[in-house]
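Reader: I'm new to this one and a bit lost. Could you pick a single part, look at it closely, and then show me how the rest connects to it?

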Amino acid sequence: MKKKRVLIIDMFNMFYRAWVVDPSLSLNGPPIGGLKGSLKILQKLLRETQPNRVLICWDGPGGSQKRRTLDKNYKEGRKPAKCNWDSSHLSPEEKDENRKWQQLRLMEYFNSMPVCQLLLPGVEADDIIAFATQMGSLRGSQKIVVSSDKDFYQILDDETLLYRPIQKRVLNKHDIVKEMGIHPNNMTLARALVGDKSDHLEGVRGVGLKTVVKNFPFLEEERSYTIDEVLEHCANVNSSAKSFKNILESEDKFRHNYKMMQLYAPSISAQGKLSLKEAVQECDLTFNKTEIKKLMIQDGFGDFNWTDLYQIFNRIALEK
């Protein structure tokens, strides 16, 4: 029996990429590239992966409340990406409002498609995606996470793959071990030492991924190691390398980064987890093709060839 396949999409990651690069305008004039580009990418993904289910995961309002409570500087100071299209006719406020409108409009489209949209206030899509890969109802299915975010390296296992659209690569857990010398089960330990500037998480001074691979070769093993075992190795190793001393002196930073980065135990309340489970199990997988066509005509791109999108969504709706 062929294994079922679930497509799990980091939707804002995909939408924002489309919004930045697609210069399309609607019939009325305002930019529509984030919306149209997202649907074009989705059609390509459906064609390439032929899934049986599609989960659309959004960042909840306010981002991760738990992480911001732990660190008020989390993700602060991120510069907005520059658009590849001429937005000089829009004020910064108008541009931001247009992006928000396109995102909400995209959600409208998804409401008429046989997909399941997942969103929780105060919870990041990263945690929702990680939790989705762990759901008992999806056990036995192949899960393909779609995102350019390296944070998802840590959740790859026998059933979970990562598709990185920009690199056009599908990665499994063996690829990560082979290319990085670190097993997904120990990836967060490595990244907690290195830090993540994009999330405003400072790493241990003088420690990069190459240093981690060289000094902690056991992180390549499938066994999940702990922070205490890494620190014990630093304390007992017979080496003059300064990095071991720096790690021991930066224990608090190491532990803090691990809490902020780990997705093994997603930062979601018990009630939130129950809500997500119910949403996936009870999701309405009806495909309202007429409504989709109507929206596309209103937004000025109904004449694009959406044959694959329609055919695959028809199949998913029938399979339910």
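Author: Let's start at His256, which touches Leu70, Asp71 and Leu201 once residues up to four places away in sequence are left out. Keep in mind that this is a predicted model. His256 sits in helix H11. Is His256 buried, exposed or partly exposed? Its relative accessible area is 24%, so His256 counts as partly exposed; the cut-off for buried is under 20%.

Now look at what else H11 does. Helix H7 (residues 187-194) and H11 have axes that come within 8 Å and cross at roughly 125°. What do we call that arrangement of H7 and H11? An angle over 145 degrees would count as roughly antiparallel and 65 to 115 as roughly perpendicular; H7 and H11 are therefore oblique to each other. The crossing of H7 with H11 is right-handed. On the H7 side, the residues that meet H11 are Thr188, Leu189, Arg191, Ala192 and Leu193, and on the H11 side they are Phe254, Asn257, Tyr258 and Met261. Sort the residues of that contact by type and you get six nonpolar, two polar and one charged.

The buried ones are Met187, Thr188, Leu189, Ala190, Arg191, Ala192 and Leu193. What covers them includes helix H6 (173-180), strand E7 (195-196), helix H8 (209-215), H9, helix H10 (242-249) and H11 (251-261).

Helix H9 covers residues 227-236, and Leu231 lies in it. Leu231 has a relative accessibility of 7%, so it counts as buried. Neighbours within four places in sequence aside, its contacts are Ile247, Leu248, Glu251, Phe254 and Arg255. Phe254 is also one of the H11 residues that meet H7. As for Ser250, it is 19 residues from Leu231 along the chain, and their C-alpha atoms are separated by 10 Å.

Let's move on to the sheet. It is an open sheet of six strands, ordered E3-E2-E1-E4-E5-E6, with mixed pairing. Strand E3 (116-118) and strand E6 (169-171) are its edges, each pairing on one side only. From one strand to the next, the twist averages 20°. Inside the sheet, strand E1 (residues 5-10) and strand E2 (residues 53-57) pair in the parallel sense, over five bridges. To find that pairing by eye, go to Ile9: its bridge partner in E2 is Ile56. Helix H2 (residues 33-49) packs on the sheet and touches E1, E2, strand E4 (142-146) and strand E5 (160-164), with a direction that makes about 155° with that of E1.

H2 also has a helix partner. Helix H1 (residues 11-21) packs with H2 at an angle of about 120°, and their axes are 7 Å apart. H1 and H2 are therefore oblique to each other, and their crossing is right-handed. H1 brings Met11, Met14, Phe15, Arg17, Ala18 and Trp19 to the contact, while H2 brings Gly33, Gly34, Leu35, Gly37, Ser38, Ile41, Leu42 and Leu45. These residues divide into nine nonpolar, four polar and one charged.

Gln50 is in the loop between H2 and E2, and its phi is near 50°, a positive value in a residue other than glycine. With 37% relative accessibility, Gln50 counts as partly exposed. In the loop between E5 and E6 you'll find Lys168, another residue other than glycine with a positive phi, here near 55°. Lys168 has a relative accessible area of 65%, so it is exposed.

Notes
Residues are numbered from 1 along each chain as its sequence is written. This is a predicted model: local features need pLDDT of at least 70, side-chain atom pairs count only at pLDDT 80 or more; totals for chains, interfaces and linings use all residues. Side-chain values use heavy atoms; hydrogens and water are left out. Two strands pair if DSSP finds at least two bridges between them. Helices (H or I, at least four residues) and strands (E, at least two) are DSSP runs, numbered from the N terminus. Axes are lines fitted to C-alpha atoms, for helices over the stretch in contact, and angles run from 0 to 180 degrees between N-to-C directions. Contact means heavy atoms within 4.5 Å. Angles under 35 degrees count as roughly parallel, over 145 as roughly antiparallel, 65 to 115 as roughly perpendicular and the rest as oblique. A crossing is left-handed if the near helix is turned anticlockwise from the far one by less than a right angle, and right-handed if clockwise. Ala, Val, Leu, Ile, Met, Phe, Trp, Tyr, Cys and Pro count as nonpolar, Asp, Glu, Lys and Arg as charged, and the others, Gly among them, as polar. Buried means under 20% relative accessible area, exposed over 50%, partly exposed in between (1.4 Å probe, protein chains only).
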